[in-house]
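Dear colleague,

Please find the structure below, handed over for your reference. A short account of the findings follows it.

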Amino acid sequence: MAKKRPQTKAKRPQLTDGRIPVVGAREPCPCGSGRRYKACHGRAAAHAVTELVHRPFEGLPGECDWVALRELVPAATVELTLKDGLPEGVPSVTLATVLPMAWPALRRDDGSVLLGLQNDTSSGDISRDLADTLQRALAADPGTPVQARRAPADGPRLQDLLAPEGAFEPVVHSGFEFWVPDPENATPDVTASLERANAAAIPTVKLSGVDSAYWCETPEKNHLRWVMPYPEEQLLDALARLHAQGRSSLGEGTRLVGSFRAHGLTVPVWDLPSGVGAEDVEKPAAEFAERLTAALASDAPLTADERRARGGLTNRQVTLS
């Protein structure tokens, strides 16, 4: 019979700073409780990773435009301002809707950083995932992309890294040429990705007269999609009041058809005739904004017609995230 080796008790780690490192799910928890990690501190870590943050961009300048660029706009960029300033060797940080080959981020040869917004994330908090990607991009070698990974559950969020007073001013592009400073010298993979992305991009224009409203062109009709910062129930009541009064359109041939729900905000959508361009809805949109402000201020109970209008709008609401 084989001789049994004497067993020794491993010394429990002394965690003086209160931080519990991540180990394998079946390994003993480093806190010294004697339980497996997954049944101890791993449970809280797993919950933090999967818990959905309904308004991940809340508190950031331009929250409505963050939502629009994440869900609605094909090609756009925004210069970001970091709370602690740019690190040495990083001339700029730019948010982009999409990057070539769906990279989460890219450190360019000149040291500048591109951060992709429309990527799948591994947790329920897009802000934390993007912050982790941004931090890794700032430290990456020039000329390299940043790969996806699961962000630490206790890592910073965008709200911790970006300057709260920084302006958020999206620039909408007709294509994705901003990917490469010198298209002629781009790699074949990047060139092919650029051609595919440009072919799929829907022409989109940001209105200048109102905040976070985006016109887009489709083969059969055009649309206006307007991300609004108001509480959903209050906004739906206000839209229902205007709809019941016949004052919810943006001019002849246009129609409020419903709304999206995205990242905790509501996005009313209008159908527009194919001949109506972005410049044609600038004035009607500004006039609608005034009507909406007045409707939002009302706290009177909805009439029967307004309740029917609200029900119709609610039935045509689609959740994007």
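A salt bridge is counted here when a side-chain nitrogen of Lys or Arg lies within 4 Å of a carboxyl oxygen of Asp or Glu. The model is predicted, so local features need pLDDT of at least 70 and side-chain atom pairs count only at pLDDT 80 or more, while totals for chains, interfaces and linings use all residues. Residues are numbered from 1 along each chain as its sequence is written, and side-chain values use heavy atoms, with hydrogens and water left out.

The structure holds 13 salt bridges. One of them joins Arg261 to Glu232, with the closest N and O atoms 2.9 Å apart. Arg261 lies in strand E10 (residues 255-262) and Glu232 in helix H6 (residues 232-244), so the pair ties together parts that are 29 residues apart in sequence. Helices (H or I, at least four residues) and strands (E, at least two) are DSSP runs, numbered from the N terminus.

Another salt bridge links Arg149 and Asp132 (2.6 Å, N to O). Asp132 is buried, at a relative accessible area of 6%, whereas Arg149 is partly exposed at 45%. Buried means under 20% relative accessible area, exposed over 50%, and partly exposed in between (1.4 Å probe, protein chains only).

In helix H5 (residues 188-200), the buried residues are Val190, Ser193, Leu194 and Ala197. The face turned away from the buried side of H5 carries the exposed residues Pro188, Glu195, Arg196 and Ala199.

Yours sincerely

How values were computed: The expected span of a helix is 1.5 Å times one less than its number of residues.
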